[in-house]
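This report goes through a single protein chain, from its overall fold to individual side-chain pairs. Please keep the model open while reading.

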Amino acid sequence: MILGIEEIEKRVWEEEKVFLMKQVGILLIKNDAIKFGDYILASGKRSPYYIDLRLTLSSPNTMDWIANSLIRIVINEIGKDKIDKVLGVPTA
């Protein structure tokens, strides 16, 4: 089966997305920024984990990976032509 360029790009993106998610996960663990347990979030919902990005602020490499990963996801999942503004996310 011969794949078209769009199908190849889609498959490459899916592999890149998995890599980015794994890398961010590893960095969150290394920075003790992800906690596992029983948490009640500000929304009132329960969660088996909590991510405290404040703990990554002292690691420019980690923050760079997270920001760049989010940029890649927005561009590939939403499309840069559909975005006209970006804002910061809470760190806690």
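The text below covers the fold, the hairpin, the salt bridges and one surface patch.

The model is predicted, so local features are given only at pLDDT of at least 70 and side-chain atom pairs only at pLDDT 80 or more, while totals for chains, interfaces and linings use all residues. Numbering starts from 1 along each chain as its sequence is written, and side-chain values use heavy atoms, with hydrogens and water left out.

**Overall fold**

The chain has 2 helices and 2 strands, in the order α-β-β-α along the sequence. Helices (H or I, at least four residues) and strands (E, at least two) are DSSP runs, numbered from the N terminus. The C-alpha atoms occupy a box of roughly 45 × 30 × 30 Å along the principal axes. The radius of gyration of the chain is 16 Å, whereas a compact globule of 92 residues would have one near 12 Å; the value is taken over C-alpha atoms, and the globule rule is 2.2 Å times the number of residues to the power 0.38.

Of the 92 residues, 20% count as buried. Buried means under 20% relative accessible area, exposed over 50%, and partly exposed in between (1.4 Å probe, protein chains only). The chain exposes about 7,400 Å², and carbon and sulfur atoms supply 62% of that area; accessible areas come from the Shrake-Rupley method with a 1.4 Å probe, and for residues only the protein chains shown count as cover. Among contacts between residues at least 6 apart in sequence, 46% join residues at least 24 apart, where contact means heavy atoms within 4.5 Å.

**The hairpin**

Strands β1 (residues 34–40) and β2 (residues 46–51) run antiparallel and are joined by 5 bridges; two strands pair if DSSP finds at least two bridges between them. Ile 34 has Ile 51 in β2 as its bridge partner. The two strands form a hairpin with 5 residues between them, and Gly 44 in the turn has a positive phi of about 95°. Ile 34 is 26 Å from Asn 76, C-alpha to C-alpha, at a sequence separation of 42 residues. Asn 76 belongs to helix α2 and is partly exposed, with a relative accessible area of 33%.

**Salt bridges**

A salt bridge is a side-chain nitrogen of Lys or Arg within 4 Å of a carboxyl oxygen of Asp or Glu.

| Pair | N to O distance |
|---|---|
| Arg 11 and Glu 7 | 3.2 Å |
| Arg 72 and Glu 16 | 2.7 Å |
| Asp 38 and Arg 46 | 2.4 Å |

Arg 72 is in helix α2 and Glu 16 in helix α1, so this pair ties together parts that are 56 residues apart in sequence. Arg 72 is partly exposed at 32% relative accessibility, and Glu 16 is partly exposed at 24%.

Arg 11 and Glu 7 both lie in helix α1 (residues 5–30), 4 residues apart, or about one turn of the helix. Arg 11 is partly exposed at 42%, as is Glu 7 at 32%. Asp 38 and Arg 46 are both exposed. Glu 14, Lys 17 and Glu 77 are linked in a network of salt bridges.

**A nonpolar patch**

Val 74, Ile 78, Ile 83 and Val 86 make a nonpolar surface patch of about 340 Å². Patches are made of residues with over 30% relative accessible area and no salt bridge; like charges are joined within 9 Å and nonpolar side chains (Val, Leu, Ile, Met, Phe, Trp, Tyr) within 5 Å. Ile 83 sits in the segment after α2 (60–78) and counts as partly exposed at 33% relative accessibility.
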